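Welcome! Have your viewer ready.

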Amino acid sequence: VNYGTWLSTIGVVSWVLGFSIMKTSKIKNDITWFFNYKKLLNLTISLFVLFIITAGKDFLTGGVYKGTGGSAAGTGISVYIRLIFSSAIILLTATIIIANKHSYKSNIIRWFISLDKRFLILYFSYIILFLLIGDRGGPVSLLLSSLILIGTMVRPIKFFELTTSVVIGATLLTIISLGRSESSGLGILNAGAEKFEYSSGYDTTLELANSVRTLYKALTEVPENQDYFYGSLWAGDLLATFPFSQSLYLNLTGIPNYKIGSAGYITYLTYGKNPSSGDGTTLIADIYLNFALFGVINFMFFLGVFFKKTTNELVLQNDYKWMIIAAIMASFSLYFSRSGLFVMLRPIIWSIILAFLFVKSYKHSE
């Protein structure tokens, strides 16, 4: 436990050093962006409808959380449809926010509901449907991306707004977590509210905090019983960019599927080859399993540099591609610490490709 805490601290310090080594961009260019995003909007709506059609009853009724079957990612072709949709909806949201940032006057809510009506129907339908199913990841990622982009491009988020959003969001997500496994017929919110007992902030942050156990699990196994993986545990996230390449890689190499990702490997350590659940991973554990302390120091440092570069580009708003990258990174801001190092690679690349194919953009400097 002591070494794990020290290792995490070293990782955070390295990230801060990397983030601090680059100068902060203080000049915000007065650039007006224009977009033709009609094709992207139509594509995103079509993907949402297709996902609902193909996801299956078990997913749409929250069966995976109630123990009645299904998968948290959907089944069959719906899995790939959802992956593309997840990138498309964040790209669409970022594009519309950038395109309308200069129309903001004084009321942020009035400004938001004045955006494209078809987009707003899609936006809120997605969030409400998935929360009612009990799936929190997608809606939370979209809301985080929206808030960070609005706070950077439109107007700063006030401290009261931030703290209120955090408290309400943490409480709501905890209630959904408690209620989504209810099989008595009660709605998720009703069931979760009945089970919810608030005694301290510990109750609403426990799920995120508990992920540290994956780091301790990694430290007990590597390198004492298993050598470092030297990058092979990143194969899953790197190959995920190319559809079907993971299964092809596994078939060609004969490597067990739990050895192409740190989350799968840590789950294997806990539950064996046929897990009934998953433990997940953490950023520090993911790097440590591959390249030990040396990797934690260096990769966290360069990660800090990358975050600072993205932050500067978001302030400058001079390059559409970097604003897309910032939007995707914002969507992972809550979960990235409990993910692998390259988990953002696929959505970043897919979003840039979607923008190239379905969005026409040009800018005008004042």
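## Helix α12

In this predicted model, helix α12 spans residues 213–221, and its buried residues are T214, L215, A218 and L219. These four lie on the same side of α12, because they cover an arc of only 140° around the axis. An α-helix has 3.6 residues a turn, so residues three or four places apart point the same way.

What do the buried residues of α12 pack against? Their partners are α1 (2–21), α15 (262–271) and α16 (283–316).

## The second largest pocket

Let's turn to open space. The second largest pocket holds about 340 Å³. It is lined by 18 residues, of which V12, L283, I284, M300 and S337 are the closest to its centre. Two elements, α1 and α16, each give two or more residues to this lining, and α16 gives the most, with five residues.

## The largest nonpolar core

Next comes the largest nonpolar core, a set of 84 residues. Which of its residues touch the most other members? They are W111, F119 and Y320.

Apart from its neighbours within four places in sequence, F119 is in contact with L41, L92, T93, I96 and F112.

Definitions and conventions:
Residues are numbered from 1 along each chain as its sequence is written. This is a predicted model: local features need pLDDT of at least 70, side-chain atom pairs count only at pLDDT 80 or more; totals for chains, interfaces and linings use all residues. Side-chain values use heavy atoms; hydrogens and water are left out. Buried means under 20% relative accessible area, exposed over 50%, partly exposed in between (1.4 Å probe, protein chains only). The arc is that of the directions from the helix axis to the C-beta atoms. Contact means heavy atoms within 4.5 Å. On a 1 Å grid over the protein atoms alone, a cavity is a set of points where a 1.4 Å probe fits but cannot get out, and a pocket is an open set with protein on both sides within 12 Å along at least five of seven lines; lining residues have an atom within 4 Å of a point. Grid points are joined across faces, edges and corners, and a volume is the space filled by probe spheres set on the points. A nonpolar core is a set of buried Ala, Val, Leu, Ile, Met, Phe, Trp, Tyr and Cys residues joined through side-chain atoms within 4.5 Å.
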